[in-house]
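Hi,

Here is the structure I said I would hand over. My notes follow below it.

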Amino acid sequence: MKERFTRREFLTTLEAIGLTVALDGFNWSKAAEDSAAALRPKKAAALEGKPVITIAHCCDPQLGFGEAATPEEAYADDLARLRKEVELLNKLNPDLVLFAGDMTNNWKEVAKDWPEVLKTIKAPVLVAPGNHDIPDPVKAPVVTVFADVFGKEYDSIVLGGWKIIAFNSQYVRPTEEKELYDAQVEWFRSELEGAKAAGLRSIVASHVPPFVKSLDEKDEYFNFPATLRQTFLDYLVANDATFYLAGHTHTTLERDYLGTPILNGETTSRNFDRRDFGFRLLKIGEKLDYTWDFVEVQKQPRR
Ligand SMILES: [Fe+2]
């Protein structure tokens, strides 16, 4: 445990993502290794057959964060690209559109254009809130602003044999909203463990990824506190979470934990690695083969 964490803070962050069980002495590490020894996803150049599920993985639309001369122009550019992204999504017709957070750069502007944009997306939509949507520490009135537009602060959907769970990773930082984070703890555990009990595989999504490059990297803005990374990931893998989709880094990343891919795709606002704007299409096959292909969203004229 890092010295700068008090015991209360440590418990708070663990509890916040559904890991009170980790303190009961259960060996999640062993359970994760056993689960990982079973079939894990394998990336392929092309799927052998038809996909059993197709998910559009969209990162950080973050209206207002793009590079432009003024904040207004940045917002207009980001919105134009988001509209183009929706046009492409509707053509591709995925089973699900997953937004891995940071819907706007300034959470106060979330109701400005998103309600209208959401109406134009044909596929079901899941959103994992970002740090620009619900800044830390989490505060109830801000959660309400977000939920008024997107329906819920966290949510899940069952598609075929899969459960996709999008949670609010803002609770990995301490918050005084105990009732809210307790509610997410209970919900997350029941969703994930319930999925396994029902014979479903899970895909977990959050804005902040558990780690950027390696499990033992230092704590920073872009990852979970080191104290909870491994326990959380063991808990996920032990419960048959088979993919982890994230945002936040504005950098495209592919790595894994015990064979479970952890993926961060391109954004439509700003890519720190200078990659083109766009999103990813995750297609999973019968035998857990998968593709995660880039779909470009070209620069759009401002409206
Ligand atoms: Fe972001």
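**Helix contacts: α4 with α5**

V110, A111, W114 and P115 in α4 meet V145, F146, D148 and V149 in α5. Two residues are in contact if their C-beta atoms, placed from the backbone, lie within 7 Å. The residues of this α4 and α5 contact divide into seven nonpolar, no polar and one charged. The classes are these: Ala, Val, Leu, Ile, Met, Phe, Trp, Tyr, Cys and Pro count as nonpolar, Asp, Glu, Lys and Arg as charged, and the others, Gly among them, as polar.

Two points on provenance. This is a predicted model, in which local features need pLDDT of at least 70 and side-chain atom pairs count only at pLDDT 80 or more, while totals for chains, interfaces and linings use all residues. Residues are numbered from 1 along each chain as its sequence is written. Helices (H or I, at least four residues) and strands (E, at least two) are DSSP runs, numbered from the N terminus.

Now the geometry. Helix α4 covers residues 110-119 and helix α5 covers residues 140-150. Their axes come within 9 Å and cross at roughly 20°. That makes α4 roughly parallel to α5. Angles under 35 degrees count as roughly parallel, over 145 as roughly antiparallel, 65 to 115 as roughly perpendicular and the rest as oblique. Axes are lines fitted to C-alpha atoms, for helices over the stretch in contact, and angles run from 0 to 180 degrees between N-to-C directions. α4 passes α5 in a right-handed crossing. A crossing is right-handed if the near helix is turned clockwise from the far one by less than a right angle, and left-handed if anticlockwise.

Which residues of α2 are buried? In this helix (residues 28-37), they are W28, A32 and S35. They lie on the same side of α2, because they cover an arc of only 65° around the axis. The arc is that of the directions from the helix axis to the C-beta atoms. An α-helix has 3.6 residues a turn, so residues three or four places apart point the same way. K30, D34 and A37, on the other side of α2, are exposed. The cut-offs: a residue is buried if 20 or more other C-beta atoms lie within 10 Å of its own, exposed if 12 or fewer, and partly exposed in between.

The buried residues of α2 pack against α7 (226-238). The axes of α2 and α7 come within 8 Å and cross at roughly 45°. That makes α2 oblique to α7. The crossing of α2 and α7 is left-handed. On the α2 side, the contact is made by W28, S29, A31, A32, S35 and A36. On the α7 side, T231, D234, Y235, V237 and A238 take part. By class, the contact of α2 with α7 has seven nonpolar, three polar and one charged residues.

**The loop between β2 and α3**

This loop runs between β2 (53-58) and α3 (71-92), and A68 lies in it. Check the backbone here. D60 has a positive phi of about 40° although it is not a glycine. Q62 has a positive phi of about 35°, and is not a glycine either. D60 counts as buried, with 28 C-beta neighbours inside 10 Å. Q62 is buried as well, with 26 other C-beta atoms within 10 Å.

Is A68 buried or partly exposed? A68 counts as partly exposed, because it has 15 C-beta neighbours inside 10 Å. Leaving aside neighbours within four places in sequence, A68 is in contact with E73, A74 and D77. A68 and D78 are ten residues apart along the chain, with their C-alpha atoms separated by 9.9 Å.

**Either side of α5**

A cis peptide bond joins D136 and P137, with omega about 0°. P137 is found in the loop between β4 (125-127) and α5.

Y154 is found in the loop between α5 and β5 (155-159). Y154 counts as buried, with 23 C-beta neighbours inside 10 Å. Leaving aside neighbours within four places in sequence, its contacts are A166, F167, N168, Q184 and W187.

Best wishes
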